[in-house]
Amino acid sequence: MPENNESVLKQIYDKLKENGQKVYWPGQHKGECTERYIVLKMAGVTPLTGVSSERPLYDIILYVPYNQYSQLETWAFEVKDILRTLYPMIMYAGNETSDYMDETVKGIMKSFQYQGIRKIVYMNI
């Protein structure tokens, strides 16, 4: 757990906001994609075998309007550069989706994951 007891997901949110990104929680953004934005969410937890730690996974979901598709890859690199400053609290996990045309928001989506590490506090040892 971070020293200041603030959730890692909230620290990711704050870091992206500090760097001028539009960031939302799931279900918070309404309407069509008229400008680029990021949705953050927990993606589950991966246990580490043989130790009392686990790896929480964080989804970073990028959206751009249809007419800004050519900017998506460059923007993804920019976001990863921002998140690199949170190392070693989080690390790029390498899980990345292909670009997806999301008709519900009229935008193009790409996502990738970061992972953290934390002690399992509910484990019976």
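Predicted model: local features only at pLDDT ≥ 70, side-chain atom pairs only at ≥ 80, totals over all residues.
The expected span of a helix is 1.5 Å times one less than its number of residues. For the 13 residues of H2 that rule gives 18 Å, and the end C-alpha atoms are 18 Å apart, which agrees. Residues are numbered from 1 along each chain as its sequence is written, and side-chain values use heavy atoms, with hydrogens and water left out.

**Overall make-up**
- The protein has two helices and seven strands, where helices (H or I, at least four residues) and strands (E, at least two) are DSSP runs numbered from the N terminus.
- Their order along the sequence is α-β-β-β-α-β-β-β-β.
- Of the 125 residues, 38% are buried (under 20% relative accessible area; exposed is over 50%, partly exposed in between; 1.4 Å probe, protein chains only).
- Contacts (heavy atoms within 4.5 Å) with a separation of 6 or more come to 58% from residues 24 or more positions apart.

**Confidence**
- Mean pLDDT (the predictor's confidence in each residue, from 0 to 100) is 90, and 90% of the residues reach 70 or more.

**Nonpolar cores**
- A nonpolar core is a set of buried Ala, Val, Leu, Ile, Met, Phe, Trp, Tyr and Cys residues joined through side-chain atoms within 4.5 Å.
- The largest one holds 23 residues, and Ile 12, Leu 16, Leu 40, Ile 60, Leu 62, Val 79 and Leu 83 have the most contacts inside it.
- Two or more residues each come from helix H1 (8-18), strand E2 (37-47), strand E3 (53-65), helix H2 (72-84) and strand E6 (107-115).
- H2 gives the most to this core, six residues.
- Beyond its neighbours within four places in sequence, Leu 83 touches Ile 12, Leu 16, Ile 60, Ile 90, Phe 112 and Tyr 114.
- A second, separate core has seven residues, including Tyr 37, Ile 61, Val 105 and Met 109.

**Helix H2**
- Leu 72, Trp 75, Ala 76, Val 79, Lys 80, Ile 82 and Leu 83 are the buried residues of H2.
- Seen down the axis of H2, these buried residues fall within an arc of 155°, so they line one face of the helix; the arc is that of the directions from the helix axis to the C-beta atoms.
- Exposed Glu 73 and Arg 84 sit on the face of H2 turned away from its buried side.
- The cover over the buried residues of H2 includes H1, E2, E3, strand E4 (91-96) and E6.
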